[in-house]
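Hello,

Here is the structure I am handing over to you, with its sequence. Please look through it first; the notes on what was found follow below.

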There are 2 protein chains.
Amino acid sequence: IISHIHMNRLVTLAALLCSLPSTDGGKVLVFPVDGSHWVNMRVLTEELHSRGHSITVIKPAQSLYIKEMPHYYQTVTLKAATASDDGFNRFLTTMLQLRLESHTSWRAVLRTGEVILKAMYEWHKIVAETVKEIFEDAKLMQSLQEAKYDVVLTDPCFGGGVLLAHRLGLPLVLNVRWIIPGDGHFAVAPSPLSYVPVAGALLTDKMTFFQRVKNVFIFLMALHHQASLVGPHYTPIVQHYFGPNVDYMELLQASDIWLMRNDFTFEFPRPSMPNIIYIGGFQCKPSKRLSKDLEDFVQSSGEHGVIIMTLGTLVGNLPEDITEGIAAAFAQLPQKVIWRHTGKRPSTLGNNTLLLDWLPQNDLLGHPKTRVFVAHGGTNGVQEAIYHGVPILGLPLMFDQDDNLFRMEAKGVAKVLDLATVNKDSFLEAVKAVLYERSYRENMQMLSRLHRDQPMKPLDRAMFWIEFVMRHKGAAHLRTDSYKMSWIQYHSIDVVAFLLSCFMLMALICFLAVKMLWRKVFGRKKGKTD
Amino acid sequence: IISHIHMNRLVTLAALLCSLPSTDGGKVLVFPVDGSHWVNMRVLTEELHSRGHSITVIKPAQSLYIKEMPHYYQTVTLKAATASDDGFNRFLTTMLQLRLESHTSWRAVLRTGEVILKAMYEWHKIVAETVKEIFEDAKLMQSLQEAKYDVVLTDPCFGGGVLLAHRLGLPLVLNVRWIIPGDGHFAVAPSPLSYVPVAGALLTDKMTFFQRVKNVFIFLMALHHQASLVGPHYTPIVQHYFGPNVDYMELLQASDIWLMRNDFTFEFPRPSMPNIIYIGGFQCKPSKRLSKDLEDFVQSSGEHGVIIMTLGTLVGNLPEDITEGIAAAFAQLPQKVIWRHTGKRPSTLGNNTLLLDWLPQNDLLGHPKTRVFVAHGGTNGVQEAIYHGVPILGLPLMFDQDDNLFRMEAKGVAKVLDLATVNKDSFLEAVKAVLYERSYRENMQMLSRLHRDQPMKPLDRAMFWIEFVMRHKGAAHLRTDSYKMSWIQYHSIDVVAFLLSCFMLMALICFLAVKMLWRKVFGRKKGKTD
């Protein structure tokens, strides 16, 4: 009805205007989470810089991800290091090993949970130690106080930034998807377990009775994990520096704005709060031209198009039998395949398949000849696939990847394979389904249209609200204080109990009154007849 | 920090771009609520028209408000009339009479509730009859079907538009604040009664135990009223045309977008849903120049400034003793006063007070010399006062005016007087407080800054989402289907009962096992010792 192109142009123009740098810059203190989370945070800091704000990033002594970048942010380098690379690599190897064994058996699920929790325990411990180091470094704290930052921007996957913001008495903006130990929504918005699936439950917003039982069960486990991670690490710090009755979760819940790294093309519809701003896909951007070689290869696919495969950078190589099977499956297809693969060259590789150490993922996903994205299901890749409208064949490895891909499968835009059982035949069958069953592509392109049709680009929205918090020194009018209530008060259990007591008291009085009258009337009669 | 002026300009430019008319117009079927509700709906239809959409308005046979306006919308005129003007005027007189007696006594509260419910019962009956008339007019229904509208826009204060949209199978956008019988949020978003005050309860988001009891109690009464209004009027129609198991509230809850006529400068922070779009203040616009006479009068106030008083158009005149008192109070002030007053000229009127039959409310509120707005607390007036940052002295008359003004009082931007007890002295004291206690003005100007500092103007946001629904034939991805669950399922009561039963069964098995062991061990021993 309405010219879609016209609207897109308007939105782009409006976004362009909004992304003009402000004349007067604010001062932003960034407490990032090291590792892959920095990839997201960097997009926000780069945009803040381009809008004229000065950025200070708190970084550990050694970091592969967070670099000293004097041209666009200053760093406050701590004495402490983050977890060792060796330890992290061992963790990844164990996780992949467990996945290859099976991820569906109870034993594997429990063992995986145990490994993750142990790792989380260590990471939170390191963060807590880092925070203590900062708080006890009088000179550092004084310099942070004197710098008069306007806002703290942090990823609350770990608690460091939340604690520092409160210690400095500064407004707090979260760049968030996960908190201890699940979806950030659960700390701030009502999340009825009857239609809001808990992270990791692999459930949709429409559940059977036993799925709802599973959801409640996993939620209770998550509460237990929360206690076991917050308790030993953050509680001592919070009680020492903020008072004996203060709780870490309260400090988190007092955050001004939650920039949530998803939206409702990704997530199922669920309750929200006025201070939750959805910025899913904020890192997505139009594709650029491919290099000549790559463009020639893509064009050579003709009407069949190309398949892109990458399993991210965390896991280097899959076992040889799996890569041999995948290569053999690819070889049977008329499509061209571009595969990010760093290990041994599979012997079954077809002439149609190009192996690359690194591939320009966004530019390939945005190419009109791209037909299927074979991916591990990391949030960034899934968001980019939605943005460009490319259906997914998922091979989840660990973390939230199962959850992400499950959502895509439920929305009819992805097929998911289990790494423990995948072989040449099942892979070939799955990739053919995503290629040739039209619904995958059609659904994904609809999702893409919905995702792109927003009043404002997600990155501009993120900027608007960070700057809003700077302008107004917080966003108190959007934030409920209901987290200060006890569980019994929040759910009105005391009120229901009171009303029921009143009702029962009234019933009792009525009963006694009737009984008394009965006695007066019939008791007397009885006396007379006796 | 950030140049506020600069940001405002950006927002205005972006909004300007977004408000360019679309090239291809859609077809919008509007089912308005007659009376003052049309004032709001007209703003939306005018803007839709200016963006190139064609508008069809369904109107009753006679209507003072909804006129035939061939230059910008077509009308479908029904045979039935709305409620008679006489009846409505009698209702208003009764309501004012009750208010003048007292609105705080239990008797007055009950009597007022009775009068309102009786009137609501009649109005809903008329709407239900109108809907039946439309549904049974085969020719009309056919022409509505054949017109192939893209969306139905309605105010669900009454159920007509909701029913018609479902009957025509069209996407549905609500322009909503009130539904049967309270705040529209309660039908679509989780609304924990521990911090979400029910309409009419005169409570904030921070309640004591007994305030929470009151809130739950009023909520239960509202549920009862809902049943007594939906039951007799809408249920027979719904069951006849949509099936025996369909419920009116379900049809309402299946709406695509809820354009909510408030925001969080007006409302307390509370849970929301992805398909709730806040458009509070969408009717507000910058003030225009006053006429020469009025501007001269305003300027003559000098440093003291002016007071604006208007109690809306519904109630003509207050009793003479009250107007005499108010006039005498005004006469003692150094300010100039502009008072919309149509009745007998008070004998106590001072030279500083100008009586007008009608006043340009928005232009006066936006004038830099305006100090206080004496108002009845209708939503439009309160929104305009927020927009222009003018503190309020409230004299609530009926409907939601108490609630609106209570919110403003809780936010420290208004003082509220009771019409039953107001006199010269109390009025003078109150108007002086709002004039000279700086917090009223400062708080209201802060609220105004917060209200104006949005990524997009509320009216543009409303347009975006109406057009979004037209482009995508609905907004299913933003709408939860959780309303289809039963109350027991929604609140997971069945799951909790199941888990408790499992737990108790396990406890029982443990107990029996221990008991058996005990007997085996000690029972034998006993036997031996005997």
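**Backbone notes**

A:F399 sits in the loop between strand 12 (392-394) and helix 14 (401-410) of chain A. Helices (H or I, at least four residues) and strands (E, at least two) are DSSP runs, numbered from the N terminus. This is a predicted model: local features need pLDDT of at least 70, side-chain atom pairs count only at pLDDT 80 or more, and totals for chains, interfaces and linings use all residues. Residues are numbered from 1 along each chain as its sequence is written, chains are lettered from A and ligands numbered from 1 in the order in which they are written, and side-chain values use heavy atoms, with hydrogens and water left out.

Most residues other than glycine have a negative phi, and most peptide bonds are trans. A:F399 has a positive phi, near 55 degrees. Its relative accessibility is 36%, so A:F399 counts as partly exposed (buried means under 20% relative accessible area, exposed over 50%, partly exposed in between, with a 1.4 Å probe and protein chains only). A:L202, in the loop between helix 7 and helix 8 (209-242) of chain A, also has a positive phi, near 50 degrees. A:L202 is partly exposed, at 32% relative accessibility.

A cis peptide bond runs from A:I180 to A:P181, with omega near -10 degrees. A:P181 lies in the loop between strand 5 (172-176) and helix 7 (185-188) of chain A. In chain B, the bond joining B:I180 and B:P181 is cis, with omega about -15 degrees, and B:P181 is in the loop between strand 5 and helix 7 (185-188) of chain B.

**The sheet of chain B**

Seven strands of chain B make up an open sheet with parallel pairing, in the order 3-2-1-4-5-6-7. Two strands pair if DSSP finds at least two bridges between them. Strand 3 (74-77) and strand 7 (276-278) of chain B are at the edges with a single partner strand each, so one side of each has no neighbour in the sheet. On average, neighbouring strands of this sheet are turned by 20 degrees against each other, direction ignored. Axes here are lines fitted to C-alpha atoms, for helices over the stretch in contact, and angles run from 0 to 180 degrees between N-to-C directions.

Strand 4 (residues 151-154) and strand 5 (residues 172-176) of chain B pair in the parallel sense over three bridges. B:T154 is opposite B:L174 in strand 5 of chain B. Helix 17 (residues 458-472) of chain B packs on the sheet, and strand 4 and strand 5 are among the strands it touches. The direction of helix 17 makes about 170 degrees with that of strand 6 (257-260) of chain B.

**A helix pair in chain B**

Helix 6 (residues 160-168) and helix 8 (residues 209-242) of chain B pack at about 0 degrees, with axes 12 Å apart. They are therefore roughly parallel to each other (angles under 35 degrees count as roughly parallel, over 145 as roughly antiparallel, 65 to 115 as roughly perpendicular and the rest as oblique). B:L163, B:H166 and B:R167 of helix 6 make the contact with residues of helix 8 including B:Y234 and B:I237. Contact means heavy atoms within 4.5 Å.

**A buried serine in chain A**

A:S301 is in the loop between helix 10 (292-299) and strand 8 (306-310) of chain A. A:S301 is buried, at 4% relative accessibility. Neighbours within four places in sequence aside, A:S301 contacts A:V306, A:K336 and A:K369.
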